[in-house]
Amino acid sequence: MTETIAFIGLGNMGGGMAANLVKNGYSVRAFDLSDDALAKAEAAGALRASSAADAVTGADAVVTMLPAGKHVEAVYDDAVFGAAKAGALLLDCSTIDVATARRVIAAALAKGFDMVDAPVSGGIAAANGGTLTFMVGGQDDAYAKAKPILSAMGKAVIHAGGAGNGQAAKICNNMLLGATMVATCEAFAMAQKIGLDPQTFYDISSVSSGQSWSMTSYCPLPGVGPQTPADADYQGGFAVALMLKDLKLALEAASSVNASVPMGAQAESLYQLLANKGEGGRDFSSMIQLLS
Ligand code: NAD
């Protein structure tokens with residue numbers, strides 16, 4: 001078993017993930033630019049490292065959970081590649097663009113490291129609870145080595161194919177989610193304007209062909225369907241700003257392969273509008289207020 005894991009990026013998601021590695025018996029060497037984040041990791045049982053290179057030195061595996069592609073590329077180029085021991089397994093769990101993920105993995109392979117991209121589905125609660133879903137891109141043997149580590153932080157680990165395919169699965173899924181949420185919101189808003197009771201519309205559509213996860217697991221209207229962020233005035237949940245980030249990554253990837261993604265593009269534009277109105281921190285189902 002891999003014994004020592006360097007964990008870099010202990011924010012909203014990484015903090016809980018590192019704590020779950022500790023709970024599962026791994027020795028975790030933590031580094032983050034934020035002292036607060038490091039203090040929380042230490043309280044959860046991780047060892048505080050003084051730099052990314054210090055965390056990585058001697059570790060059997062390295063997990064990164066960073067904001068975006070530029071942070072990932074910088075951390076691997078400036079610290080991980082130079083400090084990791086021969087044969088260390090590298091896992092990037094951040095959500096980043098496919099092109100950067102593939103570039104960083106190619107660089108890792110060229111230096112003799114196994115590496116996977118392993119972005120997650122599930123938010124902060126799933127990170128804390130160890131119930132994330134990991135979508136993994138990389139070679140078969142790298143995936144096999146990564147699986148026990150990822151299983152300590154999640155409930156499902158799925159191999160999506162070669163390098164970058166984890167990111168591809170993540171952004172295609174979230175583009176679909178963004179589009180179905182917008183469609184669900186506009187249907188509820190229109191139903192109300194026509195004079196249909198929202199609960200009645202839910203009862204009908206949730207067992208009809210308009211049903212989707214956005215409707216039955218994440219209903220954007222308060223008091224209708226299961227308990228969702230709509231019932232807490234759209235606090236918590238999955239922020240508009242994070243949905244917008246993923247939609248931008250999806251459009252970038254679509255453009256790189258000349259894919260036509262009209263619904264994803266509409267969703268991106270609408271989430272941009274919501275963010276511009278100062279709603280970036282609210283749950284993404286608050287889209288219904290824009291369309292009502
Ligand atoms: P966050 O901003 O809370 O955490 C990122 C952490 O990285 C911060 O603590 C920051 O200090 C640290 N960091 C940045 N640059 C660094 C560097 N050079 N060296 C060391 N540490 C550095 O973000 P988050 O919400 O934890 O998200 C992390 C990733 O997970 C993102 O790619 C995000 O898109 C993805 N994600 C987030 C959620 C969510 O609900 N928050 C869900 C799924 C995926």
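Me: What covers the buried residues of α12?
Reply: The cover includes α8 (165-194), α11 and α13 (287-291). Contact here means that the C-beta atoms of two residues, placed from the backbone, lie within 7 Å. Helices are DSSP runs of H or I with at least four residues, strands are runs of E with at least two, and both are numbered from the N terminus.

Me: How is the model made, and how are residues numbered?
Reply: This is a predicted model: local features need pLDDT of at least 70, side-chain atom pairs count only at pLDDT 80 or more, and totals for chains, interfaces and linings use all residues. Residues are numbered from 1 along each chain as its sequence is written.

Me: Which residues of α12 are buried?
Reply: Gly264, Ala267, Glu268, Leu270, Tyr271, Leu274 and Glu279. Buried means 20 or more other C-beta atoms within 10 Å of the residue's own; exposed means 12 or fewer, and partly exposed is in between, with C-beta atoms placed from the backbone.

Me: What span should α12 have?
Reply: Its 18 residues (262-279) should span 26 Å at 1.5 Å a residue. The expected span is 1.5 Å times one less than the number of residues. The end C-alpha atoms of α12 are 23 Å apart, which agrees.

Me: And α4, what span there?
Reply: Helix α4 has 15 residues (69-83) and should span 21 Å. Its end C-alpha atoms are 20 Å apart, which agrees.

Me: Where is the kink in α4 centred?
Reply: On Tyr76, with a kink of about 45°. That bend is the angle between axes fitted to the seven residues ending there and the seven starting there. Tyr76 is also one of the buried residues of α4, among them Val72 and Val75.

Me: What do the buried residues of α4 pack against?
Reply: They pack against β1 (4-8), α3 (52-56), β4 (61-64), β5 (89-92) and α5 (98-110).

Me: Switching to the ligand. Which residues come nearest?
Reply: Gly9, Gly11, Asn12, Met13 and Gly123, out of 26 residues around the ligand. Those giving two or more residues to the shell are the elements α4 and α11 (240-256). A residue is near a molecule or strand if its C-beta atom, placed from the backbone, lies within 6 Å of it.

Me: Why does the ligand lie between the domains?
Reply: Domain 1 (4-162) and domain 2 (168-291) both give residues to its shell, so the ligand lies between them. The domain bounds come from an automatic or database domain assignment.

Me: How many residues of the two domains are in contact?
Reply: 9 residues of domain 1 are in contact with 11 residues of domain 2.

Me: How far apart are the domain centres?
Reply: The C-alpha centres of domain 1 and domain 2 lie 29 Å apart.

Me: Now Asp233. Where does it lie?
Reply: In the loop between α10 (213-216) and α11. Asp233 is not a glycine, yet its phi is positive, about 55°.

Me: Is Asp233 exposed or buried?
Reply: Exposed, because it has 11 other C-beta atoms within 10 Å. Tyr234 is in the loop between α10 and α11 too, but counts as buried with 23 C-beta neighbours inside 10 Å. Phi of Tyr234 is positive as well, near 65°.
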